[in-house]
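Have the sequence and the model open beside you, and try each task before reading its solution.

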Amino acid sequence: MSGGSQAGAEERALLRDSVRGFMGQHWPVADAVAAHADPTALAAIWRGLAGQGLTVLGADAEMGGMAEVLVVMEELGRAACPVPLQDTVLANLAFGQSADPQANAFLATLHSGDARLAWAFGAADGDANAGTVALRGTHADGVLRFVDGGSAATHLLTSGPEDGVMALLSCAGPACVAAPARAMGMAGQAELSFSGAQALRLPLAASLQLDLHRLRRLCLLARAHGAARRAFEMAVDYAQERQQFGKPIGSFQAVQHKLANCLISLEGVRLTLHIADEHYDRVSADWPFFTSAAIAFGVPALR
């Protein structure tokens, strides 16, 4: 797993504009809530993002570093699109330089858009209710909860029962049952129950799993920042249009103060995200500290 983005601010701005334009055309915000629960719509937008080359992010430095990943995550949040790009990025970081033919074959299906991956850390998640799986040869049993994008996933990666192993599970057929779970008022997560599901063991150092867990949280923070930034823009537009006592409510000092406080929080999240991705892409030994700091600041700030 390595950083080392080769792009600059201009390239990232072009990437942002490209993704925003693509999402505006292929994932209209007006239909986003209904599309969240539509596996066909999710599969279609995923194949479209693969066609744009976004599923190879994280595979190597030439494909873009963490700064580019967070740009795309912010745009997915802005568009209210729940595709699990962050989990494909984790797979690229974990196995992109692997000599394991099974890992390489699976990455190829991810890059083409034929597979959709959900990543669950299970017992390593830190939540006692996150669940776990047991491996029996090439099959797995167990329950995993709070799986982001799990309802539309074709595969799931989770920590194996022994150190240094990840389990790649098939979500196809009756061996995997997905039950929607509500999160923040929407059914964006899932509880996945496995009974005899096809499974592969993929080697991955336990220390690297911890790094990936931290990076996944950073990606989800960037997605939340994109959603919150768009909500703020909508609130500003509303404050300029809504009339009270013959004046736009945005002209009232109390409303202005609330909006200013929101903007201060958003800018703080933006800056801490940037510092975190910069340290990661420079392969700084301090990147875990700055990533954890961004998460610690960003979660309450965005609430």
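Helices (H or I, at least four residues) and strands (E, at least two) are DSSP runs, numbered from the N terminus. This is a predicted model, in which local features need pLDDT of at least 70, side-chain atom pairs count only at pLDDT 80 or more, and totals for chains, interfaces and linings use all residues. Residues are numbered from 1 along each chain as its sequence is written, and side-chain values use heavy atoms, with hydrogens and water left out.

**Exercise 1.** Decide how far helix α5 is enclosed by the rest of the structure.

Solution. First locate the helix, at residues 85-95. Then go through its residues; the buried ones include Leu85, Val89, Leu93 and Phe95, and also Asp87 and Asn92. The tally is 11 of the 11 residues buried, so α5 is largely enclosed by the rest of the structure.

**Exercise 2.** Classify the ring pair formed by Phe289 and Phe290.

Solution. A pair of aromatic rings is described by the distance of the centres and the angle of the planes. Rings of Phe, Tyr and Trp (its six-membered ring) pair if their centres lie within 6.5 Å; planes under 30 degrees apart count as stacked, over 60 as edge-to-face and the rest as tilted. This rule gives 4 aromatic pairs. For Phe289 and Phe290 the centres are 5.1 Å apart and the planes are at 85°, so the pair is edge-to-face. To finish, compare accessibility: Phe289 is exposed at 56%, whereas Phe290 is partly exposed at 25%.

**Exercise 3.** Step back and describe the whole chain.

Solution. Count the elements: the protein chain has 9 helices and 9 strands. Then turn to burial, where 46% of the 303 residues count as buried. Last, take the extent: the C-alpha trace spans about 70 × 40 × 35 Å along its principal axes.

Terms used: Buried means under 20% relative accessible area, exposed over 50%, partly exposed in between (1.4 Å probe, protein chains only).
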